[in-house]
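Please open the model in your viewer and keep the selection tool at hand.

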Amino acid sequence: MDLNAFTDSMDLKVRKLLKEVQLDYSPTFTKLVDDTVSAIKKAIDKIPEGLEITADVAPGFVRDIGADKVEFNFKKPKSVEIGGSYSIKCIAKPDINVDLFVGLPKECFHQDDCLNHRYHAKRCLYLCIIKKYLTYSSLVRKVEWSTLQNEARKPVLMVHPAVNFVEVPGFLVRIIPIATSLFSISKLNLNWNNLHALSQGATPMYNSSILEDMLMKDTADLVNRTFIGWKELQEALILLKVWARQRTSIYVHDCLSGFLISVILAYLANRDHINNSMKAMHIFRVTLSFIANSKFWKNGLYFQLETNNAILEEKFSYKETFPVIICDRSATINLAFRMTSFGFSELQDESSLALRCIKECREGGFQEIFMTRIDYPAKYDHCVRLNLKGNKEIYESGFCLDNECWRLYEQKVHNVLTQGMRDRVKSVRVIWRNMPSESTIENGLSIFNSEPLLIGISLSSLEKAFRLVDIGPNAEIKEESLKFRKFWGEKAELRRFKDGRIAESTVWECEQRERHLILKRIAEFALLRHLSLSKENITYIVDQLDFSLVHGVGDPISSSGSLLSAFEVLSKHLRLIQDIPLKVSAVQPLDSAFRFTSAFPPEPHPLANRKGGVLRLHKFTPSCIRPLEVMIQLEGSGNWPMDDVAIEKTKSAFLLKIGESLQKNWGMICTATEDNVDVFVSGYAFRLKIWHERGLNLLRKENENYQVKRVSSMDKKLFFRSQHSSMINGLRDRYPIYGPAVRLAKRWIASHMFSSCLVEEAIELLVAYIFLNPLPYNAPSSRITGFLRFLELLSDYKWTFSPLIIDINNDLHPNDEKEINDHFLLRRKAYEASGQTLDSVMFLATTYDKLSEAWTMFSPNSSDLKRLVAYARSSASLMTKLVLEDCRDSYRWECLYRTPLNNFDAVILLHRDKLPYPQRLLFPSELNQGIHVAQGDANKVFHPFLLPGDLKQSSEELRNKLMIDFDPLRCYVGDIEKEYSNTFKIWYDSLGGDAVGLTWNACCSKKRGREAATEEVKDHIDVLRGVGEIGKGFVRSIYCLKSPRLAS
């Protein structure tokens, strides 16, 4: 796509987005706003002038903020006028809120009410009376409490009108008190202490909280003057709001708000960084670039200032007090007084990522910037949830001092974790959205503890995160050593290291497969020690899905080291073979176990060894062993036959000779069939395959027409598998967490019975894509985050309209991408012209497979993919909820891997003790609904484990009982597919499920009459009985849940 077409496409999408999110300020909506505001004014007018108001109106609130002398007589507001986004026509759907500024009358306050939270108490009491009278109004449906930027001491009222306007669902008016000219500004100087409860020190946050109300109208006027009449600036503000709202880590109380975005834009306009000639997207990019890169943040953002000494002094105070400064013309208040240093750092990171999206993503990153929701679970590598409900220690010193206790606690948690995790983490983000959805502020502030505190952690690198030892200060640095010991307590120990240094340290001993739990242990130790929390109230999201990869008592990935050693032995011996016509020139492992992406890599089998070895059999010795494919390349020769069948026969002869040589020279046990030669080495079975390039060359001469079914070739398959294996191994070296993420994805695919839809190589490519193209995130550094993003990719990608290009080694150029897109469109057009449905909707293109022939040529089809997308969307939604909500129930995590059997038309239950690896079964399947069609007893011939009586036999006899690559489920599925391929679709779990799902195919087509179809429906019970007969001895029960549907 050329630059102009690209720009036009982006502009078109932005126009469409603006049309969707911009509010139509129609006469109908304007009348609704005016009527609601009028109803509020009338309700306020009904409040008796001089009404005596005491602390009894909101006793809990007054008590908890520690205010005194709060009595006053009610006076009408000084002013009631609309402000905020509505006044500059910048409301962005779906949050349709109209701000109503209610000017608090001077007569209700004394000059000293800026002391000791009296202002905040009276402000709340004033709102309580307004709320009471609003509830009497027939034009008001509901009045709720909320807070201004999550500040509990500054409540606001949310007024929902009685009239429901369909075009603006969720419309409400937010009543915000303002305090223009209420107090002397000099008394609220940053260096003043206005809280007598604090014996020393200034109260800058408290003072800024009052100043915010005093200067809100002036700031709003400044913004209004800039925005009114400037359409492009208004649109840019809406786009920035959409971008920020999609990012929950920045659109929050300690970082960004719609108001602050408008102030930043007003500043940029005031300083000529943006001008009237710019389009909305240009202003959007300039703003992000300014946030991410500008040096002005170091000293603060100041509108045009009068240069006098008082203002310069104030400027210095701001720099000393606040990490981020945005001041109005008078420099009286820092409008960003709530923004923390780590909140601002997060904002800069997100701005940088958005700029990268614009530069690197397709169509200018529109999808990534505006349409992708970036929540904690998908953004951060680790998430921690603290349940603090009822924890009185948080407000033991008071709810509100200079800052509120919840903000202080956020800071405390952040400090503890950053000190404990040190350079293992890149960032720690602590947010406590503690405003409950339904609250009665009048009763006090303890309700603000009810929501969980959320922590997001981004790892610096896996090497640092999985480190076993943290080295502290040297022993001779007494002060630093004392601090280290004070923080770590009994966990700290003095150690001598290899370089001779003696230093404080902490050691986190664990097995290799548990390294991903080290940060969890560090966090739990630090939080328990310093915050007096119980372990039950700390939920660290990192290992909740590990259960899905357990095989017996542990994770089989821990035996991968012995597998690689066994392969090295085999590879070495293959290269040493002399008694074959062509020497072995290369040996490459193809199985996913070698690249650490197999859900269940095989463990060493005691019988899969050379003759004469000592047998150590245990009670549950498997009777089946999975062979691992290894590809061999021979020296070049011009004597190979030209015919592809003859090539395969020649390769078989070579393999037999190789097997004989291994057996004769090194005593290795080899078994041979017409198709395969398997070699036992150090507990593993290796299946040898020879790849010869000439076989691939023969295939290249085939007809290129997509409607002609391509000739099958072992060489072509081996070529694809060889290229894939090499690339995935390289990717795994770059991203060590890739392997565990793939394993979770494969287990999920199988658990929901999609094994027939996606081969494991396709799953590996899908997961590879989220590491290679992580934007708008950074690449994941935890298995859970990687797995969640895999689910989101499945559910959100536009499979029908775009190929998924996986460029692992950055080998593809623009011309290659054009070629891939052309092939994609050509395949779509070919099927459309023939009137056929697509065999596969998922087009996965790689350097070695630009035509998407290797893994998704024939599946999943459109109906399979639709089902897969629905399951992925449901699982992603559930997983996000489990991370964010206060849930410790392991069953709900297990639901991610439990598939509902009632989603199938018929279900076949299998005998669990006849599965080849019964210990892999996650959840035994049971069904008590539908028609029970058949039931069968288990066959007594096959057993997944060697029987006790067998263990007394000789090693030779036992090896003869060992079954290589035997999987009764695969055989059974193959048999019923062969018999009933036109009757139903088969769904199964290739990794250890004990159920098979069936969904009926359409019973009637254009070529068949309806009577024939009706007859077929009647016979569906007989069909299912036939299915049971095929699996006699393996099938436990068959249930019919739904009859076949007649096609219209």
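Two strands are said to pair if DSSP finds at least two bridges between them. The model shown is predicted.

Begin by selecting residues 584-589, which form strand E17, together with E19; the two pair in the antiparallel sense over five bridges. Within this pairing, alanine 586 is set opposite glutamine 633 in E19.

How many of the seven residues of strand E19 are buried? Select residues 628-634 to inspect them: six are buried, so E19 is largely enclosed by the rest of the structure. Buried here means under 20% relative accessible area.

Next, turn to the annotated ranges. The unreviewed UniProt entry places the feature "domain: Nrap protein" at several ranges, including residues 98-226 and 557-731. Select residues 98-226: the C-alpha atoms at the ends lie 19 Å apart, and the span is 31% helix and 26% strand.

Continue to residues 151-161, strand E6. Eleven of the eleven residues of E6 are buried, so this strand is largely enclosed by the rest of the structure. The bridge partner of leucine 148 is glutamate 151 in E6. The hairpin of E5 and E6 has two residues between the strands, and glutamine 149 takes a positive phi near 50° there.

Finally, select residues 172-178, strand E7, which is antiparallel to E6 and joined to E6 by three bridges. Valine 159 is found opposite valine 173 in E7.

Key
Residues are numbered from 1 along each chain as its sequence is written. This is a predicted model: local features need pLDDT of at least 70, side-chain atom pairs count only at pLDDT 80 or more; totals for chains, interfaces and linings use all residues. Side-chain values use heavy atoms; hydrogens and water are left out. UniProt positions are given in the numbering used here, feature names are shortened, and annotations may be inferred rather than shown by experiment. Helices (H or I, at least four residues) and strands (E, at least two) are DSSP runs, numbered from the N terminus. Buried means under 20% relative accessible area, exposed over 50%, partly exposed in between (1.4 Å probe, protein chains only).
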